[in-house]
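Dear colleague,

I am passing the structure below on to you, together with some notes on what turned up in it. Please read the notes with the structure open beside them.

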Amino acid sequence: MSTVGWHLCLVCELLVLIIAVSENVRANLPTFDEDSRMRILLLPFATRAGSTIYRVRASDPDFDHPLEFSFTSLKHPKLLSLEILPCGKQHSVCEANVILNEAVELDKIYELSLSVRDTSGGITTVFCTIQATNASSSATDSFQHLNQYLTVPENLPRDSVVDYFIARKNPNNIRGIRVELRQSWNFRIADKLAGSDRTNCSIILEQPLDFETQTVHILRILAVNAYVDNRLDTRNVVEVVIYVFVMDVQDTPPFFVRAPPITAVSDKLEIGKVVLRVKAEDGDKGNPRDIHYVIMVDNNPFAPFFFMEPQTGELKVRKKLVPLNQMVRSKAPFLLTIMAEELGSLINEANTTTTVDIALMVEDETNDPPEFNSDRYAVFYVWFLTNL
Ligand SMILES: [Ca+2]
Ligand SMILES: [Ca+2]
Ligand SMILES: [Ca+2]
């Protein structure tokens, strides 16, 4: 073979190789599932902005997961967003929720494209339209016995069933119905098929509630392949929101909102005068109890000099304070313990009291002439002078 012929052969082989490789790449692009790629979506025009309207599914022959979904629209770039569900190499398909971000107008047609990309960079794009129809967007078509407003006490035991509802299947969809709860740590959904056209769902408390931390829980429930009137509505997901309002239960002690840490008190302050004021509030805010205040005596020698107005939290002078000058070193602070207690609490009920220490510092303003504490000084003074 001539040198020219040999080179031609090599070029031919390279071309074949390039074609083969490109065919291979094309063959291994990710693909949308035929029945879950949206294409022409009929959507009730009253669908709430923020709700999930579709679940797209795609797979990759090489399992180059996770697949990345994206959406583009020249005229309506903010119409949708995609919530990509967790997907790994062990999954046969990857999924994403299509979320409507803006309200749609009746009879208007929205054009957009959906793309899916694998980790090797292969991309498949499909063109879709969304047509807003006057179909009902009421959840009652897809669900039965659904109560969207639930009230639950905060001390409900874990694993309690909070409520039940039924989700109806779309008879035009060959896939089964599946009910999911998104983004809720406190609750879970258990669903159980109840015939070919419906599934029974229980909302179960997964983690304890706490009114003091969170008073309302919003449960985003997605029913995949739920019943819709396919003549005017081709969503393959119906989203419904359930609001769980937490009822307050007495489980939190009071806390001080005002308790001056140190207060200077004149020893001339008269009996009955206010020294300071404390204030506490019930930590249970749903139905807070009134608070009353007492001084903890507990062998505290300073406590008898004061008394507490139980309702107002005013600390007042009970008896003359001048003797306090003898009991404490000059300007040394001493402590009083004040207790705040919830009124109306039951016997043996926990978490109904709290205490705080406050410091008082007596200021000597009586200006009496100095006195000897002991006559020994006088004796020593006389002895010292007579022996000079
Ligand atoms: Ca609580
Ligand atoms: Ca509480
Ligand atoms: Ca309380």
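This is a predicted model: local features need pLDDT of at least 70, side-chain atom pairs count only at pLDDT 80 or more; totals for chains, interfaces and linings use all residues.

**Strands 2, 7 and 8**

Strand 8, which covers residues 123-133, runs parallel to strand 2 (residues 40-44), and the two are joined by five bridges. Strand 8 is also joined to strand 7 (residues 109-117), in this case by nine bridges and with the two strands running antiparallel. Strand 7 and strand 8 form a hairpin in which five residues lie between the strands, and glycine 121, which sits in the turn, has a positive phi of about 100°. Within this pairing, leucine 112 stands opposite cysteine 128 of strand 8, and cysteine 128 counts as buried, with a relative accessibility of 3%.

**The cysteines**

How many disulfides does a search of the whole structure find? The search finds one, and this disulfide joins cysteine 87 to cysteine 94, with an S to S distance of 1.9 Å. The torsion about the S-S bond of cysteine 87 and cysteine 94 is about -65°, so the disulfide is left-handed. Cysteine 87 is buried at 14% relative accessibility, and cysteine 94 is buried as well, with a relative accessible area of 1%. Cysteine 201 likewise counts as buried, at 1% relative accessibility.

**The calcium ions**

The calcium ion (ligand 1) is coordinated by Glu154 (OE), Asp210 (OD), Glu212 (OE), Asp251 (OD) and Asp251 (OD), at 2.1 to 3.0 Å. Along the sequence, the donor residues of this calcium ion (ligand 1) are spaced E-x55-D-x1-E-x38-D. The pair of glutamate 154 and aspartate 210 links distant parts of the chain, 56 residues apart: glutamate 154 is in the loop between strand 10 (149-153) and strand 11 (161-168), while aspartate 210 is in the loop between strand 14 (198-205) and strand 15 (216-224). Glutamate 154 is buried, with a relative accessible area of 4%, whereas aspartate 210 counts as partly exposed, at 30% relative accessibility. Glutamate 154 also bridges the calcium ion (ligand 1) and the calcium ion (ligand 2), and these ions lie 3.7 Å apart.

Glutamine 250 is partly exposed, with a relative accessible area of 24%, whereas glutamate 342 is buried, with a relative accessible area of 2%.

An open sheet of four strands has the order 10-16-15-12, and its pairing is mixed. Strand 10 and strand 12 (178-182) stand at the edges with a single partner strand each, so one side of each of them is left without a neighbour in the sheet. From one strand to the next, the twist in this sheet averages 30°. Strand 12 and strand 15 pair in the antiparallel sense over five bridges, and arginine 178 stands opposite valine 224 in strand 15.

Another open sheet has three strands in the order 19-23-22, with antiparallel pairing. Which strands form its edges? The edge strands are strand 19 (274-277) and strand 22 (306-308), each of which pairs on one side only, and the twist here averages 25° from one strand to the next. Strand 22 pairs with strand 23 (residues 314-317) in the antiparallel sense over three bridges, and the bridge partner of methionine 308 in strand 23 is leucine 315.

How values were computed
Residues are numbered from 1 along each chain as its sequence is written. Chains are lettered from A and ligands numbered from 1 in the order in which they are written. Side-chain values use heavy atoms; hydrogens and water are left out. Donors are N, O and S atoms within 2.8 Å of the metal (3.2 Å for Na, K and Ca); water is not among the atoms, so sites may look incomplete. Buried means under 20% relative accessible area, exposed over 50%, partly exposed in between (1.4 Å probe, protein chains only). Two strands pair if DSSP finds at least two bridges between them. Axes are lines fitted to C-alpha atoms, for helices over the stretch in contact, and angles run from 0 to 180 degrees between N-to-C directions. A disulfide is a pair of cysteine sulfur atoms within 2.5 Å.
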